[in-house]
Amino acid sequence: MISIKDLYGVLSAVVPLYVTMFLAYASVKWWNVFSPDQCAGINRFVAIFAIPLLSFEVISRINPYKMDFLFIAADGVSKVLILIILFSWAKFSKRGSLDWTITLFSISTLPNTLVMGIPLLKSMYGDDKEYLIIQAVVLQCIIWYTLLLFLFEYREARIFILNKFKDSSVSNSERSGENFGGIQEMIGRNCGGTGAGEDEVVDVVVRTPSNPQTTQNVNKVAPDSRSCLKPTPAGGAAQEDGKEVHLFIWRCGCCSSQGVCGQSVQVCRREEEIKVQGKTGEDEKPNFLKDQNMDSSTSSAMLKQIMKRVWFKLVRNPNSYASVLGLAWALASCRWDIKKPQILENSVTILSNAGLGMAMFSLGLFMALQSRIIACGNRLAAYGMLVRFLAGPAVMAVASVAVGLRGTVLRVSIVQAALPQGIVPFVFSREYNLHPEMLSTAVIFGMIVALPITILYYVLLGL
């Protein structure tokens, strides 16, 4: 049972964090010590230096050869289940999105086990269960924070690449003329730089000319699509407004000079696409299938660019190295009883000890920059609390029972899932500017209501 001494131990770990957060809030809201740019710089320091060193310090102190694999399996299965649910929701629901998938994953699966979990669960279930909470902290640092960073970087790269393709499409549309004389000049520019013997497709969009006879004449020279080579996309697809003509220019191997030959041009109207599909024979591929092929090829190229950019960003992120180096040191030190040199130990500790304090300081700065304390609104705050304290523990209970956890270890796994929102996900959300107001509210009010909620779980599970 929790004694007054145990309760004091929990409060002594939590109250200093609120003191730090209040000082940061007052320094911006009332004292005007920091500007918004300086606040962003402080958060970047926490994300790039303090958090990686804190992760390295925590991971390097464990014994990887004495892990409770059933507890680890329950934790992993619960988080994978939530990921599957969230990605399915994002894929098949109109309200779903990658942004909210990342945010809801952070809220539902990444509790504050380091600050509140260790003292609270130690007082509830004894010193011999402290190692389970430490294992949960280590798993967060090694696997789930790394996965969270990957999702953040994937989102950033996806937005960047899509905007790049969109800008390219817009510039191509702007360069197209309002008559077909301008198109012939563009064809020469696009095809002139390509070597002989290569096939190329250019999608040029122009408005319907004022003289209908011009369109009719151009349509007459369009060759049969069966004689055209299968195209590959040369740019992003342009948007259709019902008054545009799309020219798909195939530059075949015989076009060695600037411009294209008459057998390389096909002109089609989007508004006549259905009619063309109805007239298509068995040996002729419909236009909409060509568009699908082009979309598929373009999507594949975009995905390669996105993953390349994600890999480049993750390689440069210190958080990626902190987990790997910490685990490598833990394996080596426990295997051969190697101690860290005192200089290295002090160099890491001096910044890692500031990790949580600086994270709460950054949280206070963010609160002060908002118009109100509940920055995300009452409705989203209520949803966040439900996800944090009901959905997360419920999925954890199902996963724990499924893998075979029973007794005290089962209760520990459920109660640790009901701990308040972790601070590190907020730091990442602010760094990547993805719903930081939601995460800040979850951290602030989660730590306020966490003590009575975890005690309630402790009592109900002990019945």
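UniProt, in an unreviewed entry, places the feature "transmembrane region" at residues 7-28, 69-90, 133-152, 318-338, 350-369, 381-403 and 440-460. These positions follow the numbering used here, feature names are shortened, and annotations may be inferred rather than shown by experiment. The model is predicted: local features need pLDDT of at least 70, side-chain atom pairs count only at pLDDT 80 or more, and totals for chains, interfaces and linings use all residues. Residues are numbered from 1 along each chain as its sequence is written, and side-chain values use heavy atoms, with hydrogens and water left out.

Two of the annotated spans were examined. Residues 7-28 are 100% helix and 0% strand. The end C-alpha atoms of that span lie 32 Å apart. Residues 350-369 are 90% helix and 0% strand, with end C-alpha atoms 29 Å apart. Helices (H or I, at least four residues) and strands (E, at least two) are DSSP runs, numbered from the N terminus.

The protein chain as a whole has 17 helices and three strands. Of its 463 residues, 47% count as buried. Buried means under 20% relative accessible area, exposed over 50%, and partly exposed in between (1.4 Å probe, protein chains only). The chain exposes about 23,600 Å², and carbon and sulfur atoms supply 61% of this area. Accessible areas come from the Shrake-Rupley method with a 1.4 Å probe; for residues, only the protein chains shown count as cover. Among contacts with a separation of 6 or more, 81% join residues 24 or more positions apart. Contact means heavy atoms within 4.5 Å.

The largest nonpolar core has 96 residues. Such a core is a set of buried Ala, Val, Leu, Ile, Met, Phe, Trp, Tyr and Cys residues joined through side-chain atoms within 4.5 Å. Helix H6 (residues 130-175) gives the most to this core, with 15 residues. Met 360 and Phe 428 have the most contacts inside the core. Beyond its neighbours within four places in sequence, Phe 428 touches Ile 51, Tyr 145, Leu 148, Leu 149, Phe 152 and Asn 319.

Helix H5 (residues 113-125) falls short of a straight span. Its 13 residues place the end C-alpha atoms only 15 Å apart, against the 18 Å that a straight helix would reach at 1.5 Å a residue. The expected span is 1.5 Å times one less than the number of residues. Ten of the 13 residues of H5 are buried, so this helix is largely enclosed by the rest of the structure. Among the buried residues are Met 116, Ile 118, Leu 121 and Tyr 125. Gly 126 follows H5 and has a positive phi, near 95°.

Eleven salt bridges were counted. A salt bridge is a side-chain nitrogen of Lys or Arg within 4 Å of a carboxyl oxygen of Asp or Glu. Arg 155 pairs with Asp 99 at 2.8 Å, N to O. Arg 155 lies in helix H6 and Asp 99 in helix H4 (residues 98-109), so the pair ties together parts that are 56 residues apart in sequence. Arg 155 is buried, at 10% relative accessibility, whereas Asp 99 is partly exposed, at 27%. Arg 155 also forms a salt bridge with Glu 156, with the closest N and O atoms 3.3 Å apart. Glu 156 is partly exposed, at 32%.

Asp 337 and Lys 339 form a salt bridge with a closest N and O separation of 4.0 Å. Asp 337 is exposed, at 58% relative accessibility, and Lys 339 is exposed, at 67%. Salt bridges with shared partners join Glu 57, Arg 61, Lys 340 and Glu 345 into one network.
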